[in-house]
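Hi everyone, thanks for making time this morning. Let me put the sequence and the model up on the screen, and then we'll walk through it together.

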Amino acid sequence: MKVKRENLPALCILLAVLALNAWALRAELYSGGADLNDNVSHFRMIAGMAAALEHGSNPLDFWSPEWSLGFPLVRVYQPLAHLLVVLVYFALGKTVALLTVFVWVRYLSLVLLPLSFFAMVRLLELPPLTAAAAAMLAPLISTPQLYGLEYESYVWAGFGLFPQAVATHFLLLALGFSFRAMRRGVSATLAGIMLGLAFLCQFVYGYMGALSIFLLALMPAAGLPRPQRLRRVLWIGGVALLLSAFQLLPLWIDRAIINRTPPDQVWKSDSYGAAKVMEWLFTGQLMDSGRFPILSLLVLAGLIVLWLRFFSPRGIELAGKFVAAGAAFWLLLFFGRPFWGPALWLFGITPDLPLHRVLGAAQVFFVVLAAIGLAAIWSELSRRVHLAAPVVVTLALFYPMVRERGQFLEMNATRLRATVKALDSDRQSLDALVAAVKRRGGRAFAGLATANSWGPSFKVGAVPMYHVLASGGVPTVGYLSHTMALTSGVMLDFDERNPAHYRLFDVRSFIVPAGTKYPIPIFLTPGPVVGRFQIYDTPANGYFDLVDVPGAVPVNRDDFFDVNERWLKTVGPSSRQHLRLDLPGTASGALTPPPSNAPSPGDIMNASQSGEAYQAEFVAARPAWALFKMTWHPNWKVSLDGQPRETAMVSPGFVGIPIPPGRHTVVFRYAPGNWKVWLALAGLVAVLLGQASQLVRSKH
């Protein structure tokens with residue numbers, strides 16, 4: 001295929017940017033097994049999906065015991081980026097390690113970001129050199145760690161927002177193909193597919209795409225009736241909804257048992273307020289943190305170019321109007337709840353939506369505005385001065401930005417190399433430690449990930465031990481990889497000085513460095529030493545227990561944490577007297593207040609696990625409750641001596657059933673069914689049939 005002559009310089013620039021980006025990010029390829037951010041949980045989710053497929057189970061809904069006292073994270077979390085890794089793994093015949101595939105996919109998601117910016121700008125029908133400018137500028141965004149499109153959101157020393165990295169590509173393509181659909185009446189289905197895939201990678205980025213496309217339909221455009229554009233928007237939205245419904249529906253079904261944003265992270269759901277955002281804007285922090293605001297000034301240059309075009313006979317093209325309106329709209333929405341208050345409901349923004357992430361949409365449009373400004377500077381310099389002038393000016397403009405980004409990536413690479421070296425030197429001991437803890441069963445503890453705990457200081461290289469354990473698939477009490485489970489905050493109330501908490505949370509392994517400086521509770525006994533690490537035995541007795549439930553209290557997700565925090569500070573955990581937590585619309589079991597001077601409720605004789613089924617045999621001395629120390633979920637199905645039983649939630653958020661006296665066998669099984677898989681397939685078939693019908697109509 002012959003490349004048009006006017007496109008050649010732009011394509012050369014694009015290829016050079018991609019090559020430089022790949023070289024600058026090369027250290028990321030050595031990060032496998034050394035993660036210290038959200039990529040730990042992302043890989044465990046990927047590993048769970050792969051295992052589910054290998055065992056013929058549902059890869060879209062399974063139990064993850066590693067996180068927040070157990071939770072079916074994949075049921076309600078955006079899964080597509082993870083699923084792509086799994087599909088590549090199987091497509092390669094499992095000849096490449098799953099972790100290696102994950103590292104490469106997330107590396108390529110960063111390296112190829114300029115390509116997706118280039119494609120979007122060309123689909124917006126802007127000139128090739130403007131697209132090339134966007135590709136050059138996209139990797140140079142820098143913010144004070146605001147979870148936007150900057151490297152800090154993705155790389156090893158950053159936040160590990162892998163799903164967002166993949167979602168950005170689909171968002172950009174959705175915007176580009178939607179523009180084509182509005183302008184030319186083609187690619188509407190493809191736009192809907194890209195939007196649906198953006199939803200499935202990162203719900204907020206799908207939302208940003210949907211609202212941006214609706215904004216595009218409202219833009220004034222000659223020769224393009226607004227009703228016709230709105231019909232195309234409905235088609236795009238319908239396609240996206242069909243593709244993503246299987247993942248959006250569980251969010252609605254489980255809404256009562258998905259945790260609200262923790263109080264100490266309210267900025268995530270509320271954003272930062274107008275004053276703070278405007279301060280960042282005028283000081284260049286939204287695009288140029290830690291350097292002279294050149295990129296921000298290029299955004300201003302792009303706005304000036306569009307303003308001048310407004311007064312020209314040709315006027316501003318639709319793409320220019322869309323980009324300017326998109327930048328203004330998402331900047332205003334980034335003001336958040338402190339500024340807009342209840343008005344956010346008008347935009348479909350619930351209190352649970354992480355509003356701070358909409359900065360990413362503003363940055364998308366800022367980059368295009370900056371590209372328009374830079375391309376205009378190139379045009380004027382080449383016309384008025386010399387063809388070499390744009391090159392000289394570009395080098396001068398880009399040097400501070402490239403230097404600052406290079407320094408950050410070098411810091412990232414230096415810390416990563418040191419950590420990989422430390423992990424490699426301890427690899428044999430760490431592998432043996434993970435294997436030993438898994439054999440012991442239950443959960444492990446290596447400090448809490450809180451400011452007043454020793455957990456963050458117990459590291460191998462830069463990686464805290466609780467991340468090392470979690471990376472190996474060990475259920476841990478310590479770090480919150482997500483806060484979606486109601487029990488998330490409860491887990492951080494684990495008190496290592498309280499022996500009852502070890503039994504309650506089934507913490508069987510207490511891990512510290514051998515000869516540690518950390519405080520060891522006196523009731524713990526030394527266990528095996530593995531390399532330079534010491535395991536201590538605890539009073540834990542397994543995932544099952546027999547308890548009393550003498551009282552009940554109504555709860556909802558707003559007061560769930562407060563109720564359980566208060567209960568944890570009573571004698572309830574040590575006396576094995578729990579509360580039945582009555583969520584709205586859930587079943588409740590009979591209360592069992594113990595008589596005065598009553599004996600222990602009984603003993604667990606043995607327990608076992610097979611996949612997502614947990615079984616125990618016990619002898620109950622009197623009416624009591626069987627407690628299963630996993631987060632309650634309606635998909636836990638329980639049988640007592642082969643007969644189904646209704647479950648109830650008991651403090652601090654676990655699963656329980658009332659039991660009669662005697663010897664019994666109980667089985668808890670997570671059984672979500674396969675309806676998500678069938679709904680996903682049905683959505684895909686519906687989209688294909690819809691596209692086929694459109695093709696048939698177009699031929700007639």
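Let's start with the largest nonpolar core, which has 145 residues. A nonpolar core here is a set of buried Ala, Val, Leu, Ile, Met, Phe, Trp, Tyr and Cys residues joined through side-chain atoms within 4.5 Å. Buried means under 20% relative accessible area, exposed is over 50%, and partly exposed is in between, with a 1.4 Å probe and protein chains only. Phe117, Met120, Leu137, Tyr207, Met208, Leu286 and Trp330 touch the most other members of this core. Helix H17, residues 359–384, supplies the largest share, 14 residues. Helices (H or I, at least four residues) and strands (E, at least two) are DSSP runs, numbered from the N terminus.

Let's zoom in on Trp330. Not counting residues up to four places away in sequence, Trp330 touches Tyr207, Met208, Leu211, Ser212, Val358, Ala361, Ala362 and Phe365, where contact means heavy atoms within 4.5 Å. Apart from this core lies another, of 85 residues, and its members include Leu433, Val434, Leu546 and Leu568. As background, nonpolar side chains tend to be buried together in soluble globular proteins.

A quick word on what you're looking at: this is a predicted model, where local features need pLDDT of at least 70 and side-chain atom pairs count only at pLDDT 80 or more, while totals for chains, interfaces and linings use all residues. Residues are numbered from 1 along each chain as its sequence is written, and side-chain values use heavy atoms, with hydrogens and water left out.

Now, which strands make up the closed barrel? The barrel has 5 strands, running E8-E9-E15-E16-E12 with mixed pairing; two strands pair if DSSP finds at least two bridges between them. From one strand to the next, the twist averages 55°. Angles run from 0 to 180 degrees between N-to-C directions, and axes are lines fitted to C-alpha atoms, for helices over the stretch in contact.

Let's go through some of the pairs. Strand E8 (residues 544–554) and strand E12 (residues 624–631) are antiparallel over 4 bridges, and Leu546 has Ala626 in E12 as its bridge partner. You'll remember Leu546 from the 85-residue core. E12 also pairs with E16 in the antiparallel sense, over 6 bridges, with Trp625 opposite Pro658 in E16. E16 itself, residues 654–659, is mostly covered, with 5 of its 6 residues buried.

On to E15 and E16, which are antiparallel over 3 bridges, with Ala648 opposite Gly656. These two strands form a hairpin with 3 residues between them, and Gly653 in the turn has a positive phi of about 120°.

A polar atom of the Asn412 side chain lies 2.8 Å from the backbone nitrogen of Ala157. Leaving aside neighbours within four places in sequence, Asn412 is in contact with Glu28, Val155, Trp156 and Ala157.

Stepping back, the chain has 25 helices and 17 strands, and 56% of its 700 residues count as buried. Its C-alpha trace spans about 95 × 60 × 50 Å along the principal axes. Thanks, happy to chat!

Definitions and conventions
A polar contact is a pair of N or O atoms within 3.5 Å; within protein, one must be able to donate a hydrogen and the other to accept it, and residues adjacent in sequence count only if both atoms are side-chain atoms.
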